[in-house]
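Please follow this walk through the structure with the sequence and the 3D view open side by side. The paragraphs below move from single residues to strands, a sheet and a helix.

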Amino acid sequence: MLPVIGDLRPWTDPEVVSIHRLPMHTPLRRARRQRLDGRWSLRLFDHPDRVSRAAITGAPAARTVMVPGNWTMQDTGDLPHYTNQQMPFAGPPPALPAHLPTGVYRRSFDVARSWAGQRIVLHVGGAESVHAVYVNGSFAGYGTDSRLPSEYDVTEHVRPGAANELAIVVLRYSAMSYVEDQDQWWMAGLHRSVHIEARPPVHVADVVVDADYDAATGTGLATVSVTAAFVGAPEPGWEVRTTLRDRRGRTVGRPQSGTVDHQYAALYVFRGHVVEHEFRVDTCAPWSAETPNRYELTVELCSPAGRVVETHTSMVGFRRVVIDREHRRLLVNGQPIWIFGVNRHDHHPDRGKAVTVEDMRADLLAMRAHNITAVRTAHYPNDSRWLDLCDELGMYVVAEANLEHHAFNTSMCDDPRFRSTYVARGARMVERDRNHPCVILWSLGNESGYGTNHDAEAGWIRAADPSRPLHYEGAIFHGDGTRPAGPANWATGGLAASDVVCPMYATIADVQAYGVAGHGTRPLIMCEYSHAMGNSNGSLADYWEVFEHTPGLQGGFIWEWKDHGLRRRGPDGRARLAYGGDFGEQPHDGNFVADGLMSADLEPHPAMHELAWVYRPVTVRAAGRGKLRITNRRSFTGLDDLTCRWEILLDGAVVERGTLAVPPVSPGSSVDVPVPGTVPRQAGEALLTLRWTTTADSAVAPAGHLVAWDQVELGRAGRATAVRLPGDGRRPLDLLTEPVTLCVRRATTDNDGFKMLPDLAARIGVGGQALIRWQHAGVLDRPADELVGHTETVTVTTDGAEIHHHTVEVPGALADLPRLGVRFAVPARFGLVRWYGRGPFENYPDRKAAAMLGIWEQPVDRLPYLVPQEFGLRCDTRWMELIDPRRGEVLRVEAVSPTAVHVSAVRHADEELQAASNQADVRPGSRLYVHVDLAHRGLGTASCGPDVLDRYRLRPGRFELAYRLSRGNR
């Protein structure tokens, strides 16, 4: 049994939020602080009842681990466990499993003699799941909420001038695990920083800043509330002085001072009087994600003798966030903003939840490089340094409370035993993060039903911080306790708990219907959409076409930023990225944790190009009569920081280029300019490509960084240029290592169905059904000629080239095939691909808006997805050349009828990809597999969201495909 806590057993009681924990406050940087990060000893027990007194006071364990860190990632034998909705143990709340891993962390620390007379405070940045603190063998406190810090006054337990022993007992699971049931790995340990600090007997306990901006007058008004804390009754005359400076160090507003009047202050530890100051900045530089202007606030606590006892500095951003209910718009500084957003978890492939500030900055810079300007902290408060970076670099944030009980979705939100937990988690998040200008919405949590506990949480936040609207998807989804029938019900669902309509994975038709019908008074911002699992994000451009042209819609947050792969050794001894089940855990939810736009190692997946394009800050479209329409999608700045360069292409080749003269384009407006250059008159396909790059270095990107691109058709005069590579007399078929065969299958994507966990779709209520249909019809294992009617003729020309003509009859029973085309293979030495079509990156029929037509050349694609599946397609291809770069030999494929096809050239057969479970299991062989498709099914987002739209599906009927194969040399 844990000493001191004794029979209380707080980890089993959802009503025990903390013991001896100090009140939350905004981050303050103390002068006297000692970091305790580094190597700690760790002793693991299989249950807290087996933790002995000796484990806390005796000799430390021989095993050491890193703090911050998860012990589940440090070879302790207790491994990560992945679930999405289900709990890792049966329940019901608050029941706990018989096996309850418990770690006793130990280390010693010195307290300088100069700290005598100070209040000594221990800061535990984050512990999963709950923790108890012991100093020199004495119990000092207990805390819950694994994603927010806990602080304890340990003054009475430490020995200044001597070595002290610190033990932190961390339980992997607790009653609070039921409200931390998010879609992520279950980890354990001290995953954020630990430190001790000294606070004077009279000190600043909290600094709260409300920095408002009036866009109509350009005036900023900062209300600064400083809480002075003290032990006992201090002598009269203590003062707090505050000063505000701009980025050049100039004092703005008027420095303020106020007396700490202790007459009305509570006379016990860490309670005190609030001094309130106001600063008026007449010509204020406001904060936004586009212009993250900040001011430096200095707070000085002065003794009656005039000595500065403490100095605290923080950065302040002036801005105002409101809901324009008349027009259903979220406004920042008086202007509507686009939510070019993404959901982000804390994750590192080697350290799990222990992310560093360097990891955070890398995430943010990669986001900004792809035009992301908004983040939802799914589904818990991040390290406060993340918000510092968002303030600095410019990123709108929906800050979310650490609250999700997905396995018991609707049963706990009215449970009075958890009410204090709801309120505490929302309140403590606000109390810590309220000074950050980047935070524009508070989120009550995620996927936790909707009930009275949410209303209690919302009521506290509204009273404490009326300057920010609230966000909670569950209030929209569940409404009055029943699932809404559709967009009309979104207007009235959960008004007390959410100021925005924030549905999850709603269809394009539903969000459009909400906007068009004018329902309600709240803007619609999707909290999750376009599930990025594997080869995904189909119809992303279709969503944005509706967002941009429908009133009341402002974008949303893609799910999600990064795959959660964890690096470990596979059965073959090679390192690989693991997903659910790879650690032998049961139950688990497979590769549903691999659903990011980026790999776990922060390498962009191909869909990131589409995201960057739909999130681009400036668009160009044909305006007719020889004009282009340039639209500035920014809310506060012009386009002066960008340079637009253009190219005119004829049949993919550049024939003219230049720099576009761009007049001033104010935020949210459009201008028309003449089409540059000379439109070619000769036969061929004429296109204008425009690319916008940054003119100068900035905090988020170097000069020359590509931020936007568009392509405009200038005209067609006949078909594309005739065959460029004549045959050299050799038969192309002699080169093939696998003959031309009809192909109607693809290695199924995650959206087609969960091949790694077939029961997952039924269990979680989402997931594509195409895989099941195709399996039943034999599409994935029977030869295509047995499924459809097919005839082929081959005509050999005088130069040895071959024209292949296929006629295919697809029966009605096989509607919605994966693809319709042919496959063949050539030797793997053909490692270079050159083509005229969409590129240069992978693209699919419903994810090709970002892919421009042109002549591209690059090595054969590598498999980019953690679970092997279909990849590498290039749409609307006129011709493709497979090149042996060493010998200079070329095999050319040219579309004849239709004049554009979809092609891919990859080093893995469909069958190999279908059978494999991990990226590490497939290795390039001796062949290059080539697909030439007349039609290819879109991607959709059916792994969690809408399936492929009808217009991107394959219909039954009669189809004709003709293409020309020829051989030659470069």
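In this predicted model, the side chains of Gln85 and His406 are joined by a polar contact of 3.5 Å, where a polar contact is a pair of N or O atoms within 3.5 Å and, within protein, one must be able to donate a hydrogen and the other to accept it, while residues adjacent in sequence count only if both atoms are side-chain atoms. Gln85 is placed in the loop between strand 5 (81–83) and strand 6 (102–110); here helices (H or I, at least four residues) and strands (E, at least two) are DSSP runs, numbered from the N terminus. Not counting residues up to four places away in sequence, Gln85 touches Asp181, His406, Ala407, Asp589, Arg763 and Ile764, contact meaning heavy atoms within 4.5 Å.

Residues are numbered from 1 along each chain as its sequence is written, and side-chain values use heavy atoms, with hydrogens and water left out. Because the model is predicted, local features need pLDDT of at least 70 and side-chain atom pairs count only at pLDDT 80 or more, whereas totals for chains, interfaces and linings use all residues. The pLDDT, which is the predictor's confidence in each residue from 0 to 100, averages 94 over the chain, and 96% of the residues score at least 70. Over residues 261–271, however, the pLDDT is below 50, although this stretch has 31 contacts in the model beyond near neighbours in sequence.

Strand 9 (residues 130–135) is mostly covered, since six of its six residues are buried, that is, under 20% relative accessible area, with exposed meaning over 50% and partly exposed in between (1.4 Å probe, protein chains only). On one side of strand 9 the buried residues are Val130, Ala132 and Tyr134, and on the other they are His131, Val133 and Val135. Strand 9 runs antiparallel to strand 12 (residues 163–171), to which six bridges join it; two strands pair if DSSP finds at least two bridges between them. Within that pairing, Ala132 has Val169 as its bridge partner. Strand 9 also pairs with strand 10 (residues 138–143) in the antiparallel sense, over five bridges, and there Tyr134 stands opposite Phe139. The hairpin of strand 9 and strand 10 has two residues between the strands, and in it Asn136 takes a positive phi near 50°.

An open sheet of seven strands, paired in parallel, has the order 32-31-29-28-27-34-33. Its edge strands, each pairing on one side only, are strand 32 (470–471) and strand 33 (524–529). Inside this order, strand 29 (residues 396–400) and strand 31 (residues 439–443) run parallel and are joined by four bridges, with Glu400 opposite Ser443.

Arg522 lies in the loop between helix 8 (508–517) and strand 33. Arg522 is buried, with a relative accessible area of 1%, and its side chain reaches the backbone oxygen of Trp490 at 2.8 Å.

Helix 5 (residues 452–464) has 13 residues, which at 1.5 Å a residue should span 18 Å, and its end C-alpha atoms are 18 Å apart, in agreement; the expected span is 1.5 Å times one less than the number of residues. In helix 5, Asn453, His454, Glu457, Ala458 and Ile461 are buried. These residues lie on the same side of helix 5 because they cover an arc of only 135° around the axis, the arc being that of the directions from the helix axis to the C-beta atoms. Their cover includes helix 4 (419–433), strand 31 and strand 32.
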